[in-house]
Amino acid sequence: MTDLSAFLKELISLPGLSGHEGSIREVIARTWQPLVDDLSTSRLGSLHGLRRGSGLDPRPRILLSAHMDAIGLMVTQVKDGFLRFTQIGGVDPRILPGQQVTVHGRQDLPGVVVQPPERLLPPGNGDKTVEMEHLFIDTGLVPADVARLVRTGDLVSFAQPPVELAGETLAGHSLDNRASVAAVTACLDELAKTRHAWDVWAVATSQEEVTLGGAFTSPFDIRPDLAVAIDVTFAKGPGANDHRTYPLGKGPTLGWGPNVHPALYKAFKELADQLDIPNSMEPMPLMSGTDAMGLQVVAEGIPTMVIGVPLRYMHTPVELVAMKDITRVGHLLAEFIARLEPDFVEKIRWDE
Amino acid sequence: MSVKTKTPQAPVLDADSINLLERLSNAVAVSGDEGEVRAIVLEQVKPMADEVKVDALGNVLVTRKAKADGAPRVMLAAHMDEIGFMLVDEEEGGLYRFATVGGIDVRQLVGKPVWVGKQHTPGIIGARPIHLTTREERGRSIPLDQLRIDLGPGGKAKVGDRAAFATSFRQIGPSLVGKALDDRLGMATLIELLKHAPENVDLHLAFTVQEEVGLRGARVAGYTFNPDVAIAVDSTPAADLPMWDGSENGKYNCRLGAGPAVYVADGATLSDPRLIRLLAQTGDELGIPYQFRQPGGGGTDAGAIHKTRAGVPSISVSVPGRYAHSAVLISRMEDWQNTVNLLYHSLTRLNRDLLAQPR
Amino acid sequence: MKALIQKLVESIGPSGYESTVRDLIKSEIGSSANNFEVDALGNLIVRIGEKSAEGLRVMLAAHMDEIGVIATHIDDNGFIRFTTVGGVSPRTCYGGRVVFVNGARGVIGGDRPDSPTAMHTIEQLFIDVGATSRENCPVKVGDFAAFDRPFLDLGDRLVAKSMDDRIAVAVLVETIRQLKGKQIPHELVFVFSTQEEVGLRGATTAAFGVDPDLGLSVDVTGVGDTPKSATMEVSLGKGPTVKVRDGRMLADPRIVRWMADTAEKAGLPYQMEVLEAGSTDAAAIQLARAGVPAGCMSIPCRYIHSPSEMVDYNDVQNGVRLLVELLSKPIELK
């Protein structure tokens with residue numbers, strides 16, 4: 001049985017930026033190894049874990065997708081010992097000044113993002129946000145050493161270590177979307193003790209934050225009959241309180257909209273209510289902003305579902321999640337899979 | 001050009017065709033929720049098709065084989081979905097916050113009746129009384145987050161329900177007037193062509209979903225059919241109104257009454273020149289009126305289809321319509337008939353020689 | 001190689017209408033290859049070599065199309081209004097010259113601007129081909145044109161329109177010539193792609209059809225070595241680049257290492273490239289089918305998407321050398 005909290009804390013202490021997920025893939029692979037029959041890596045670096053079902057061949061397949069990549073920064077220029085940088089994925093420049101980071105050069109170097117004094121910035125900036133192109137990273141080393149150890153293209157990740165807060169919550173960077181990787185792991189833990197007819201493909205996708213690359217490519221060879229994307233969603237908190245936000249610690253959200261097959265929404269909703277798992281509908285009038293956008297339109301099309309783990313302060317180094325919500329999602333997925341009958345796909349055909 | 005065989009007769013649109021269009025236009029099918037329209041399509045195509053399938057996203061995929069073997073495989077696509085709304089939050093007293101689905105100018109929403117949910121429950125999108133506004137305020141459009149759908153006190157709907165403009169179809173003189181003629185006209189055209197299927201091509205018809213939110217149905221339908229050639233049949237805006245200063249309107253996109261609009265280039269596709277030639281030559285030789293849509297902007301299902309697998313030579317042909325993506329569209333009966341004529345005759349002339357020369 | 005470059009940059013091939021360029025490429029490659037194919041979107045596909053036991057199918061891509069314009073309206077007096085094909089800025093238009101695919105030539109003029117110092121918008125520009133009425137205008141709605149500017153040889157520096165991406169086409173053609181006769185352990189598939197400038201469309205379908213083990217695009221990239229330029233650590237004359245990332249793609253880090261290590265071992269100059277906007281065919285190749293490890297080698301270029309793009313001839317030749325090194329030896333990605 002995986003110690004979910006320890007596993008998640010390990011995940012969010014690693015970089016694993018989009019396109020460079022190697023370090024985190026290794027940790028997930030090690031943890032999934034005893035829980036799956038086969039492990040493999042896609043050509044784009046996604047991790048595929050297959051648990052075979054007990055049904056007769058050919059068995060239908062369900063794919064669970066949780067992206068493992070994280071946002072971060074990349075060095076664009078080494079200048080006089082300071083580093084200029086750009087973003088990998090969506091980074092709000094306002095969270096950067098004073099942020100502790102790790103520069104992945106020829107060796108890992110601690111650094112801090114610095115906001116230059118106003119007199120060194122374009123005139124008239126006042127107290128407006130300082131754009132990323134004017135910020136620097138200072139490693140504290142002399143220019144000669146920086147030039148030797150760091151070059152254009154090197155990655156920079158957030159150095160914020162995990163922090164346990166009250167109410168069984170956890171804060172840190174890249175809980176988007178490692179919280180969901182933990183949820184899928186919790187599901188695999190339960191499935192290890194349950195019979196299930198269907199094959200289960202647990203996929204930790206790469207590059208969601210920049211290209212949805214993993215989501216567009218992993219299903220191509222796997223060709224699942226159903227796909228579920230698990231991602232974080234907006235929890236209520238300071239500055240985020242309207243109808244698009246959901247209470248922290250009160251269960252997952254279930255997506256509804258063109259990116260979700262309505263019969264899958266209904267099936268998950270009924271099951272969650274039956275299991276007394278608190279849940280909210282998350283209307284998604286357009287696209288979901290998750291791997292489901294890619295999964296749904298691969299090859300001949302795949303019925304998709306989106307499950308959300310509420311999270312505060314998304315895309316900051318102090319994202320906050322409730323451990324209870326993660327275990328609820330894992331449990332919901334495992335129960336759904338255990339009850340899947342071989343003819344489920346026939347039953348959810350659109351009106352014909 | 002010498003015609004060795006008698007030119008076949010293109011389908012003539014009649015009262016039945018208009019009744020079908022009326023049913024389609026009055027049905028509600030907002031992107032992701034196309035069921036009401038899909039039911040009508042299935043009822044229409046089943047008697048005439050060799051194969052009918054509904055895929056994972058809800059596309060209706062219809063095949064009607066040619067009389068001979070080795071015929072070119074032609075895919076025609078028309079989208080079932082329309083722009084509309086989704087209820088996203090419930091407030092007191094029958095009021096609902098809503099989001100738009102597909103590109104709708106927020107200024108088109110104010111003071112309109114809508115139909116909500118599968119029952120077409122009536123609702124309204126109101127606005128502050130003019131008496132309570134200032135002149136300065138009236139110069140700015142009302143932002144979406146201040147608008148609500150009002151079902152009346154005690155009125156009930158569910159968050160997640162879709163809604164559409166409450167416009168009933170009518171024929172007024174030469175014009176067809178209704179909501180969602182983009183793309184119910186395209187769909188009705190496909191059904192006519194299925195009824196009078198040309199015998200020389202394998203017809204693969206895709207009634208697609210989610211065109212308005214990213215050409216998503218077309219992408220998977222194109223992959224499934226893997227055709228030799230594809231034609232998207234849509235509706236394109238006719239901006240042929242007078243200019244504000246009376247100067248020449250050079251930005252009309254296409255014109256009502258000038259026939260089907262053949263695309264050379266839009267925002268999503270550079271039409272295959274071999275198909276442009278086929279359609280233009282057919283129109284010229286048979287005297288079918290047609291026009292070239294002004295290049296640039298917009299997109300149709302062809303945008304997704306032409307990039308599927310190893311590529312599909314593609315083009316789009318649209319029935320011109322004024323006031324796209326609003327509550328009321330206006331198209332002309334004769335443009336619709338000429339669209340059917342141009343497509344029908346072009347299909348009968350389509351053979352493998354067309355693709356013998358590279359693009 | 002300069003003669004080849006001149007022929008390529010001076011030919012006319014806006015997105016969607018690349019056949020003239022395609023014919024030129026075929027004739028330039030001549031007997032250096034004998035496996036030519038043109039696919040549904042007009043991509044030219046040239047295959048060389050056979051995959052050995054540890055070899056790979058490698059797809060190379062350089063795009064044949066250039067940015068241009070399309071006629072949208074001919075007014076009563078024969079002036080032509082237009083819209084753009086690919087990233088064309090009105091800044092580079094006024095006073096420029098265009099050539100239509102049908103041969104008609106003209107000048108870009110404009111309405112009186114909103115103020116003496118304002119820049120025209122595309123809607124405020126028009127093309128003048130010397131016609132005096134719609135009837136005697138040789139251009140109709142829907143006709144495509146490219147910009148017209150002759151090649152300029154400044155010695156080390158070369159200037160022309162469509163260096164993006166004809167310089168890369170030249171690099172690939174020259175690479176094919178130099179690989180002729182060599183023992184190659186890989187199946188090399190050179191794709192001269194179409195419609196890159198309007199969204200990487202040719203490469204998307206070509207990659208599906210070719211189904212490669214590895215993809216490498218060759219394109220141009222911006223530089224930071226002109227006065228008061230945006231931050232960019234790439235300069236003319238310091239070598240072809242190994243792309244780490246651009247606006248739509250993160251290069252596979254194994255490919256980045258392979259390219260950089262190969263350049264170092266061969267003593268060839270190279271630069272690490274981080275481009276914040278823009279992209280190349282590699283972004284499309286990367287997402288084909290079940291995914292393809294992809295990367296890109298760029299030729300540094302000043303004034304991209306203007307009619308006077310400038311590259312360094314040494315960078316171009318070093319680009320060829322680097323490709324020959326990469327493709328003629330076993331590939332180990334780690």
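A crossing of two helices is left-handed if the near helix is turned anticlockwise from the far one by less than a right angle, and right-handed if clockwise. In this predicted model, the crossing of H1(C) and H2(C) is right-handed. Local features need pLDDT of at least 70 and side-chain atom pairs count only at pLDDT 80 or more, while totals for chains, interfaces and linings use all residues. Residues are numbered from 1 along each chain as its sequence is written, chains are lettered from A in the order in which they are written, and side-chain values use heavy atoms, without hydrogens and water.

**Helix pair in chain C**

- Helix H1 (residues 2–10) of chain C packs on helix H2 (residues 19–29) of chain C at an angle of about 160°, with the axes 9 Å apart.
- H1(C) is therefore roughly antiparallel to H2(C) (angles over 145 degrees count as such).
- C:Leu4, C:Lys7 and C:Leu8 of H1(C) meet C:Val21, C:Leu24, C:Ile25 and C:Glu28 of H2(C) in this contact (heavy atoms within 4.5 Å).
- Five residues of the contact of H1(C) with H2(C) are nonpolar, none is polar and two are charged.

**Interface of chains B and C**

- In chain B, 30 residues are in contact with 29 residues of chain C.
- The two chains, B and C, bury about 2100 Å² between them, 61% of it on carbon and sulfur atoms (accessible area, 1.4 Å probe, lost on being put together, summed over both).
- Of the area that chain B buries against chain C, 30% comes from B:Leu270, B:Pro295 and B:Arg359, more than from any other three residues.
- One salt bridge is found across the interface of chain B and chain C (a side-chain nitrogen of Lys or Arg within 4 Å of a carboxyl oxygen of Asp or Glu).
- B:Glu248 forms a salt bridge with C:Arg134, with the closest N and O atoms 3.3 Å apart.

Note on methods
Axes are lines fitted to C-alpha atoms, for helices over the stretch in contact, and angles run from 0 to 180 degrees between N-to-C directions. Helices (H or I, at least four residues) and strands (E, at least two) are DSSP runs, numbered from the N terminus. Angles under 35 degrees count as roughly parallel, over 145 as roughly antiparallel, 65 to 115 as roughly perpendicular and the rest as oblique. Ala, Val, Leu, Ile, Met, Phe, Trp, Tyr, Cys and Pro count as nonpolar, Asp, Glu, Lys and Arg as charged, and the others, Gly among them, as polar.
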